[in-house]
Amino acid sequence: MTHTPGPWRIDNLESYDAYPGAPFRNVWAGDPAKCIARAIDHGDVDANAALIAAAPDLLNLVKGLLELWPMSGYELDAYIGSTFISEAEAILARVKGKPK
């Protein structure tokens with residue numbers, strides 16, 4: 001099973017007749033762009049859409065950490081400190097709506 005490659009991006013807050021009174025945000029991927037998810041507003045639409053859009057980056061981060069897991073010692077600590085921690089912080093900032 002594979003997923004649509006990132007980056008995934010969020011569009012503007014919209015309204016549609018099928019969701020009366022509940023605005024939504026679509027999450028798009030690819031070129032040409034296709035809608036891969038829709039977050040419907042129940043008071044948390046922006047946070048949910050941001051988390052969905054960050055999914056490919058979070059998956060890549062976890063895969064990278066798991067590849068390094070067998071390593072031990074200073075090399076792993078230095079590599080995680082310089083690479084993955086800053087990447088994780090950037091992803092979390094984006095999920096929280098505060099791009100780094």
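A residue counts as buried under 20% relative accessible area, as exposed over 50%, and as partly exposed in between, with a 1.4 Å probe applied to protein chains only. The structure is a predicted model, in which local features need pLDDT of at least 70 and side-chain atom pairs count only at pLDDT 80 or more, while totals for chains, interfaces and linings use all residues. Residues are numbered from 1 along each chain as its sequence is written, and side-chain values use heavy atoms, with hydrogens and water left out.

**Overall organisation**

The protein chain contains three helices and three strands, in the order β-β-β-α-α-α from the N terminus on. These elements are DSSP runs numbered from the N terminus: helices are H or I with at least four residues, and strands are E with at least two. Of the 100 residues in the protein chain, 25% are buried. A contact means heavy atoms within 4.5 Å. Among contacts between residues at least 6 apart in sequence, 32% join residues at least 24 apart.

**Accessibility of selected residues**

| Residue | Relative accessible area | Class |
|---|---|---|
| P7 | 64% | exposed |
| D46 | 45% | partly exposed |
| I10 | 36% | partly exposed |
| R25 | 17% | buried |

**The salt bridge**

One salt bridge is present in the structure, the term denoting a side-chain nitrogen of Lys or Arg within 4 Å of a carboxyl oxygen of Asp or Glu. Its partners are the side chains of D46 and R25, at 2.4 Å from N to O. The pair links distant parts of the chain, with D46 in helix α1 (residues 45–53) and R25 in strand β2 (residues 24–29), 21 residues apart. R25 counts as buried because its relative accessible area is 17%, whereas D46 is partly exposed at 45%.

D11 is located in the loop between β1 and β2. This residue is buried yet has no salt bridge, and the nearest side chain of opposite charge, that of R25, is 5.4 Å away. For such assignments, Lys and Arg count as positive and Asp and Glu as negative, whereas His and the chain ends are not counted.

Polar contacts are pairs of N or O atoms within 3.5 Å; within protein, one atom must be able to donate a hydrogen and the other to accept it, and residues adjacent in sequence count only if both atoms are side-chain atoms. The side chains of D11 and W28 form a polar contact of 3.1 Å. With residues up to four places away in sequence excluded, D11 touches R25, N26 and W28.

**P7 and I10**

P7 belongs to the segment before β1 (8–10). Leaving out residues up to four places away in sequence, P7 touches W28 and A29. The C-alpha atoms of P7 and A29 are 6.4 Å apart, although 22 residues separate the two in sequence.

I10 is part of strand β1. Its C-alpha atom is separated by 6.6 Å from that of R25, 15 residues apart along the chain. Under the exclusion of residues up to four places away in sequence, I10 touches R25, N26, A49, A50 and A53.

**A charge over a ring**

R38 lies over the face of F24, at 4.1 Å from the ring centre. The criterion requires NZ of Lys or CZ of Arg within 6 Å of the ring centre and within 35 degrees of the ring normal.
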